[in-house]
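Subject: Structure handover

Hello,

Here is the structure you asked for. Please open it first, then read my notes below.

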Amino acid sequence: MTFTIQQALIATEGGYGRIDVQIEGDRIKAVAPQLDPVGTVVEGTNKLLLPGFVNAHTHSSEMWQRGMIPPYPLELWIGELHEFSPLNPEQIYLSALATALETLLSGGTCVVDHLVLIPGQEVETVEAAVKAYREIGIRAFIGPLIQDQALASGIPDGGVGREHGQFYCTTEQVLAMMETVVKRFHRPEEGISIMVAPTGIQLCSDELFKGCIELSDRHNLCRHAHLLETKAQKLLADEKYGVSAVEHLHRIGYLNERTSLAHCVWLEERDIEILAETGSTVVHNPLSNLRLGSGIAPLLKYRQAGVNVSFGCDGAASNDGQDLLEAIKIGSMLHNITDADYRHWITPRQSVEMAALGGATGLGRGAEMGSLDVGKKADLVLYDLTSLSLLPRTDPIGLLVTGRPTQAVADVWVNGDRIVSNGQSTRLDLDTLRQNLLQYGEWTTNRQSSNIAQMEAHYRQVMGLS
């Protein structure tokens, strides 16, 4: 398809300007103040054009438990999450559709899905998510969430000498499954990429990390993981390695310019230096870090050290939504209380650059995504500046980031395809999705988790809670 977006507002170095943009195939063909219209003409007057954002870390299937899990720290929260995770691939498909739609309607054109797998149906889980993302048209990086150690091993031992039991499959079986997934579904030219994504040092052996490194190198895959999300994980790393988790991952070769790391709350100064030296990306998930009491990531220190930073919503049971603009707002303003020097605070323009180009860079795609440059992928978003939440006419990007935009996305292109038009998906019937989602679940509260009952006493002891 070919499109000409006429007279859209774009950010310039000194303010804003009006521009025409031509899309041909999957690329931006031309950008100029006045272009001869070709293809479908899209009126850009009173609309703001930005490159699409990256929802750089989420777990789509958590949608089935959003609003459900009580206030717990991560190590207990995850026990309840896994105990009640969906076991039907159809639910995986539906929650991926919904995650994609919410991302698109809040300015995202790409989603990184750290996908929770159904035990015994791992390949089918990935297949269901791939089907959803293909249908709706969003760009997707799917990282099957893999581990090879039992859930209880994610809590520091504290010298107790606990027995954790075995995970339900071996390291070799996990890596063989990943090989199958890569061969069947890794199609970056079609907008679907597979990542290696061990959940983190708390539940993964070095053998699993090293197997993922080999897969990543052989197939040119991006790498992803949770990293030092909680104080408990920092204590656990000290127990397991005698050095920080960042230092350990660096030693075994996991960190490079194609590695993105979610959370990074509990890092030391040397850890930050390592991330900068290796070109690794921090994915900031402010809402889940607050929801789970994990802490505030030292984002301003990362930026000052030259570490690439992007934004993620995290899963919809630890947020509990997929509003990317909300994550960008909180993730920017939160840090004003961590540094008294206001010259270090994040401006709205820096925020949208982090969300777009920062997200693309973290996926090794900064040269082809994330900015309005000729030759880059046509992953673009038009915002309706007549939306009540973006009025009056002040600073559109300032309103987008520091305000509370609602129903502001007018049009979205991914890979040159117009997949949102006038605020509606061009490929998905929303009423049908709503009815399908209503078929599952029930209005309920106060469910009882046997996992939490088994883990809570030890967690409280090792974390020094009365």
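Is C313 buried or exposed? C313 counts as buried, because its relative accessibility is 1%. Keep in mind that this is a predicted model.

Cysteines

Let's start with disulfides. A disulfide is a covalent bond between the sulfur atoms of two cysteines. The search of the whole structure finds 0 of them. Take C212 as one example. The nearest cysteine sulfur belongs to C204 and is 7.5 Å away, so C212 is in no disulfide, which would need two sulfurs within 2.5 Å. C212 also counts as buried, at 0% relative accessibility. C313 is in no disulfide either. For C313, the nearest cysteine sulfur is that of C110, 12 Å away.

Backbone

Most residues other than glycine have a negative phi, and most peptide bonds are trans. Look for exceptions here.

- C264 is not a glycine, yet its phi is positive, at about 55°. C264 sits in the loop between β11 (259-263) and α8 (269-278). C264 is buried, because its relative accessible area is 0%.
- D314 has a positive phi too, near 65°. Its place is the loop between β13 and α11. D314 is buried, with a relative accessible area of 3%.
- N319 and D320 are joined by a cis peptide bond, with omega near 10°. D320 is in the loop between β13 (308-311) and α11 (324-333).
- L391 and P392 are also joined by a cis peptide bond, with omega about 0°. P392 is found in the loop between β14 (380-384) and α13 (396-402).

Cavities

Now look inside. How many cavities of 30 Å³ or more does the search of the whole structure find? It finds 4. The largest cavity has a volume of about 230 Å³. It is lined by 23 residues, and the closest to its centre are L74, W77, I78, Q202 and E229. Which helix gives the largest share of that lining? Helix α1 (residues 74-83) does, with 6 residues.

Surface

L290, I296 and I337 make a nonpolar surface patch of about 290 Å². L290 belongs to helix α9 (residues 286-291).

Best wishes

Definitions and conventions: Residues numbered from 1 in each chain as written. Predicted model: local features only at pLDDT ≥ 70, side-chain atom pairs only at ≥ 80, totals over all residues. Heavy atoms only, no water. Patch = residues over 30% accessible without salt bridge, like charges linked within 9 Å, V, L, I, M, F, W, Y side chains within 5 Å. Areas by Shrake-Rupley, 256 points an atom, 1.4 Å probe, with all protein chains shown as cover. Salt bridge = Lys/Arg side-chain N within 4 Å of Asp/Glu carboxyl O. Helix = DSSP H or I, 4+ residues; strand = E, 2+ residues; numbered from the N terminus. Buried < 20%, exposed > 50% of the residue type's maximum accessible area, 1.4 Å probe, protein only. 1 Å grid on protein atoms, 1.4 Å probe; cavity = no way out; pocket = protein on both sides within 12 Å on 5 of 7 lines; lining within 4 Å. Points joined across faces, edges and corners; volume = space filled by probe spheres on them.
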